[in-house]
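Welcome! Here is a short tour for someone meeting this protein for the first time. Have a look at the model, then read on.

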Amino acid sequence: MSYPFLPGGIRLPEVSAGNRSTQVASKSHFTGHITFGEGHGRGVGLESNLEKKVALILRYAPTTADLVEQQAFDWYDADGEYYTHYVDLVCRLRDGRRIGYAVRPIHRVSAGYEDELARVKHQSLSQGVFDDFRLFTERDVCPVALHNATHLHSVRIAEPDADKAAAEVIGMMRGVETIGALRDRIGMEGTGLRAVVRHIGSGHLQLLRQEKISETSQVIRVMALH
């Protein structure tokens, strides 16, 4: 997939909002970097393939407003000694709530780690830092959600003409439509299809049922277009 260069050249994404820098290379595990957000976006550092999957799923969930990584939280153990726990991912929801996520493969979730997470959860919630704190393992990765999030991320770059045409077509929607039918009304083939999918990512359209995004998927309009 290719896109025309935007006027004025290329602008690099904003730097990560994390409280510590993630590794840029490792001989033993995956490291990476992903850009989220409209326009040039903001970078998010990743230190495992599982973190990449979880970041995609969380960022493109309809309830998510923003996602940042590696947020520091100081917690204390049973003896009152303080430590710093870096929360892998923090999701800010559209309703204002903040959810912290520890991301770890299930085989690395020891009793000691669970005790640490329990203390981090209790203390962070009681201090009002988070509204909830959760452990996310590979068992929690939904294949459908991951497929759709990857699809939404792949088409995130705006295509102004197609997006404007899609907004006009979507603005006239009454009831349920398929993605393919909306694409046909826009009349730009693959470019129009990407524009429809972007409106799912922006929250203006919503899938009628949980399924992998395809031309036959049914959608409804749930957010007014400006």
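Two strands pair if DSSP finds at least two bridges between them. Helices (H or I, at least four residues) and strands (E, at least two) are DSSP runs, numbered from the N terminus. This is a predicted model, in which local features need pLDDT of at least 70 and side-chain atom pairs count only at pLDDT 80 or more, while totals for chains, interfaces and linings use all residues. Residues are numbered from 1 along each chain as its sequence is written, and side-chain values use heavy atoms, with hydrogens and water left out.

**The whole protein**
- The protein has six helices and nine strands.
- Its C-alpha trace spans about 65 × 40 × 30 Å along the principal axes.
- Of its 226 residues, 39% count as buried (under 20% relative accessible area, with exposed meaning over 50% and partly exposed in between; 1.4 Å probe, protein chains only).

**Strands side by side**
- Strand E7 and strand E9 (residues 218-221) run antiparallel and are joined by two bridges; here Glu 177 faces Val 219 in E9.
- These strands belong to an open sheet of three, in the order E7-E9-E8, with antiparallel pairing.
- E7 (177-178) and E8 (205-207) are the edge strands, each with a single partner, so one side of each has no neighbour in the sheet.
- Elsewhere, eleven bridges join the antiparallel strands E3 (residues 64-76) and E4, with Gln 71 opposite Val 87 in E4.
- E3 and E4 make a hairpin with five residues between them, and Gly 80 in the turn has a positive phi of about 80°.

**Helix H3**
- The twelve residues of H3 (residues 143-154) should span 16 Å at 1.5 Å a residue, and the end C-alpha atoms are 16 Å apart, which agrees (the expected span is 1.5 Å times one less than the number of residues).
- Leu 146, Asn 148, Ala 149, Leu 152 and His 153 are buried in H3.

- E4 gives the most to the lining of the second largest pocket, with three residues (on a 1 Å grid over the protein atoms alone, a pocket is an open set of points where a 1.4 Å probe fits, with protein on both sides within 12 Å along at least five of seven lines; lining residues have an atom within 4 Å of a point).
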